[in-house]
Amino acid sequence: MAARLNSNGPGGTKSHQLFLLLKDAINSGHMAPGSKIPGELKLAEQHRVSRVTVRRALEALTAEGLIVRKPGVGTLVSERPVGATVMSASVSDLLPNIMKMGESSRVHLLEFGYCRPQEGIRERLRLDSSERTQRSIRVRLAEDKPFSYLTTHVPERIALSYNEADLATTPLYALLERSGVNLDHATQTISATLATKEVADALDVAVGSPLISLTRVVYDKDGRGVEHLHALYRPDRYLLEIDLSRADGADGRYWQPMV
């Protein structure tokens, strides 16, 4: 059954919601490359919207290179949609994969400065109330297409070893290791959120678009916090992967992350 669209919902207009539904179907493989998309009338009936709404959604998909219209044939899913490059990171091998991602993409630095962090960030980094952090906002791109919006806090005592130009050209973890930090472990939480105007503009998505929300705190070998990251990812351009293996336990066999 087709999803019912609500123009008053958090996804915005009905045409935008239909655009997101079709885009997700294409990017997930449910609508395979080269397959034919139902006509405007059929889509309008399936989703209980007007043909004008359908036409606007299809125009947005065309603008992103996800579909092509061929006279006498119809509307087809692109064989290789423009912007289909998807970055991925394995949760099972976190730090090495983050380093690899930094090397295979580039970053656009939006903000760089020093501040007293919010209480929650200060507590996670295990800082004294008087300590400041270097706060930066960056957009990471692959093939010149944005896929993540990153807000990072690094304790001032560490961040003084690099400058704004360094952060704009060198992966943060490389800068941390260069400053003598021994990266050891991290805690990470993942959820979902909707794009605000500021983030939407930076990631080239519509306001209210769904995003992957990730918060990570990295510690050194002495248990001191060295980075607090809040990252927002476009789900059509970023995947999180977890490799699992079967193991024996007191209550039977179970799945556990591979290390």
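Guide: A quick definition before we start: two strands count as paired when DSSP finds at least two bridges between them. Also, this is a predicted model.

Visitor: Fine. So which strand does β6 pair with over 6 bridges?

Guide: That's β9. Strand β6 covers residues 145-155 and β9 covers residues 225-233, and the two run in the antiparallel sense. On that pairing, tyrosine 149 sits opposite leucine 232 of β9.

Visitor: And the sheet, what's the strand order?

Guide: The order is β4-β5-β6-β9-β8-β7, in an open sheet of 6 strands with antiparallel pairing.

Visitor: Which strands stand at the edges?

Guide: β4 (106-115) and β7 (183-194). Each has a single partner strand, so one side of each is left without a neighbour in the sheet. From one strand to the next, the twist averages 15 degrees.

Visitor: Let's do aromatics. How many aromatic pairs are there?

Guide: The structure has 3 aromatic pairs. One of them is phenylalanine 147 with tyrosine 238: ring centres 6.2 Å apart and planes at 10 degrees, so that pair is stacked.

Visitor: Where do those two residues lie?

Guide: Phenylalanine 147 is in strand β6 and tyrosine 238 is in β10 (residues 238-241), so the pair ties together parts that are 91 residues apart in sequence. Both phenylalanine 147 and tyrosine 238 are buried.

Visitor: What else links up with them in the cluster?

Guide: Tyr233 does; ring pairs link Phe147, Tyr233 and Tyr238 into a cluster. The rings of tyrosine 233 and tyrosine 238 have centres 3.7 Å apart and planes at 10 degrees, so they're stacked too. Tyrosine 233 is buried at 4% relative accessibility, and tyrosine 238 is buried at 1%.

Visitor: Switching to charges. How many salt bridges does the structure hold?

Guide: It holds 15 salt bridges. One of them joins arginine 234 and aspartate 236, at 2.7 Å from N to O.

Visitor: Is arginine 234 buried or exposed?

Guide: Buried, at 1% relative accessibility. Aspartate 236 counts as buried as well, at 14%, because the cut-off for buried is under 20%. And salt bridges with shared partners put Lys23, Glu64, Arg234 and Asp236 into one network.

Visitor: What about arginine 224, which aspartates does it bridge to?

Guide: Aspartate 220, with the closest N and O atoms 3.1 Å apart, and aspartate 222, where that distance is 3.8 Å. The 3.8 Å contact counts as a salt bridge because the cut-off is within 4 Å.

Visitor: And aspartate 220, buried or exposed?

Guide: Aspartate 220 is buried, at 6% relative accessibility. Aspartate 222 is exposed, at 61%, and arginine 224 is partly exposed, with a relative accessible area of 42%.

Visitor: OK, helices. Which residues of α2 are buried?

Guide: Glu40, Leu43, Ala44 and His47, in a helix that spans residues 40-47. Looking down the axis of α2, they fall within an arc of 100 degrees, so they line one face of the helix.

Visitor: Why would that spacing put them on one face?

Guide: An α-helix has 3.6 residues a turn, so residues three or four places apart point the same way.

Visitor: What does that face pack against?

Guide: The buried residues of α2 pack against α1 (14-27), α3 (51-63) and β1 (67-70).

Visitor: Last one: what's going on just after α2?

Guide: Arginine 48 comes there, and it takes a positive phi of about 55 degrees.

Terms used
Residues are numbered from 1 along each chain as its sequence is written. This is a predicted model: local features need pLDDT of at least 70, side-chain atom pairs count only at pLDDT 80 or more; totals for chains, interfaces and linings use all residues. Side-chain values use heavy atoms; hydrogens and water are left out. A salt bridge is a side-chain nitrogen of Lys or Arg within 4 Å of a carboxyl oxygen of Asp or Glu. Buried means under 20% relative accessible area, exposed over 50%, partly exposed in between (1.4 Å probe, protein chains only). Helices (H or I, at least four residues) and strands (E, at least two) are DSSP runs, numbered from the N terminus. Axes are lines fitted to C-alpha atoms, for helices over the stretch in contact, and angles run from 0 to 180 degrees between N-to-C directions. The arc is that of the directions from the helix axis to the C-beta atoms. Contact means heavy atoms within 4.5 Å. Rings of Phe, Tyr and Trp (its six-membered ring) pair if their centres lie within 6.5 Å; planes under 30 degrees apart count as stacked, over 60 as edge-to-face and the rest as tilted.
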